[in-house]
Amino acid sequence: MIQQVFALVIILFFISRLFWQKRNKKISGNEFIFWLIFWGLAALSIVFLRQIDSLVATLGFSGKGIDVLLYLSVIMLFYLVFRLGLKTEKIEKDITKIVREISFKNEKENK
Amino acid sequence: MTKFKVFIIVPAYNEEKNIEKIIDEVKPLADELVVVDDGSSDRTFELAKKQGAIVLRHLINRGQGAALQTGDEYALNNQADIVVHFDADGQFLAKEIKEMILPIQNNEADAVFGSRFLCKKSEIPWFKEKIIIPLAGLVNKILINVSLTDPQNGFRALSRKALEKITIENDGMAHCSEILYKVFKNKLTIKEIPVTVVYHDFGQGLLKGKGRGTGGFRIIKDLLLVKLMN
């Protein structure tokens, strides 16, 4: 019970940060919605941990609900890292395009 | 014979020791010699400029693939008929450029690749010859289903037709495989020509090489990314 309250406090802290970032226009609307849903689901999972326990048991898993949540979060993390990698790659390509254009422009000006 | 406008592209990263000699040797063989200084921190840019080459300067290091694409785009925009990719580290012999462009001039090929394993004898370091190159060949075969005798050779000549169809998207060293893949994908005609490669130092390791996007594992990762993004 204490752990659940503790986890909810942490989640509430993140949600408040999220609203703060949105108010200061540090994140886009889509990002805000994505993270709000993400933390909302995390909070619901904590509140309904016992129900998840029984759901997991009915599905035939031997572990507890919290273990399943942990596995899911690891999968989620891998996915986010993968997406981040692709995004970085795209940014790198954009940087190259800018560097290339500058090189053409400088060559033309120095002719 | 029709006069072909030949552009030689020399990507250079911190090559102040070799660049003057390379330009001296290569310039008489080209209609235009384009050195792409890939963000060097030494005097590569100044020396190349002094030698009278066209120098395109990347403000920051972007990798050999990016430098070659910069040169290719410049050549295309300046009516090149043939483009030769030639390394700045003195590994290749300038006198072999003529042999490389001949099949394109004779309309026998759109893309000509140099090979260390056809007739001419190059002093290839043991580890590179027995481990790195066969491994690279295997990766090429598995990932892009292409086999040439020397898929990682950077000495190549491309016709305008090939240039128009190939955009190098990989900034690092995986561009070798990418070019091959795109040549095959666009059904361009290919010819392999024996070339000599002179080794000064080892250059490419499994973990790290010189400049951005080098090292064997990084190249494999880049190739996988190219596949995923396509």
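Which residues touch the most other members of the largest nonpolar core? The legends below concern a predicted model, in which local features need pLDDT of at least 70, side-chain atom pairs count only at pLDDT 80 or more, and totals for chains, interfaces and linings use all residues. Residues are numbered from 1 along each chain as its sequence is written, and chains are lettered from A and ligands numbered from 1 in the order in which they are written.

**View 1. The largest nonpolar core and Val84(B).** Ile8(B), Ile9(B) and Val84(B) touch the most other members of this core, which holds 59 residues. A nonpolar core is a set of buried Ala, Val, Leu, Ile, Met, Phe, Trp, Tyr and Cys residues joined through C-beta atoms within 7 Å. Strand S1 (residues 6-12) of chain B gives the largest share of the core, 6 residues. Leaving aside residues up to four places away in sequence, Val84(B) touches Val6(B), Ile8(B), Ile9(B), Ile97(B), Met100(B), Ile101(B) and Ala157(B); contact requires C-beta atoms, placed from the backbone, within 7 Å.

**View 2. Chain B as a whole.** Chain B has 8 helices and 7 strands, taken as DSSP runs (helices H or I, at least four residues; strands E, at least two) numbered from the N terminus. Of its 230 residues, 47% are buried (20 or more other C-beta atoms within 10 Å of a residue's own; 12 or fewer is exposed, and in between is partly exposed). Among contacts in chain B with a separation of 6 or more, 73% join residues 24 or more positions apart.

**View 3. The contact between chains A and B.** Chain B contributes 12 residues and chain A contributes 10 residues. On the side of chain B that touches chain A, strand S3 (54-58) and helix H3 (64-77) each supply at least two residues, and S3(B) provides the largest share, 4 residues. This side of chain B comprises 7 nonpolar, 2 polar and 3 charged residues (Ala, Val, Leu, Ile, Met, Phe, Trp, Tyr, Cys and Pro count as nonpolar, Asp, Glu, Lys and Arg as charged, and the others, Gly among them, as polar).

**View 4. Packing of helices H3(A) and H4(A).** In chain A, helix H3 (residues 49-58) and helix H4 (residues 65-109) pack at about 85°, their axes 8 Å apart. The two helices are therefore roughly perpendicular to each other (65 to 115 degrees). Leu49(A), Ile52(A), Asp53(A) and Val56(A) of H3(A) meet Gly65(A), Ile66(A) and Val68(A) of H4(A).

View 5. Gly40(A) counts as exposed because 12 C-beta neighbours lie inside 10 Å.

Technical notes:
Two residues are in contact if their C-beta atoms, placed from the backbone, lie within 7 Å. Axes are lines fitted to C-alpha atoms, for helices over the stretch in contact, and angles run from 0 to 180 degrees between N-to-C directions. Angles under 35 degrees count as roughly parallel, over 145 as roughly antiparallel, 65 to 115 as roughly perpendicular and the rest as oblique.
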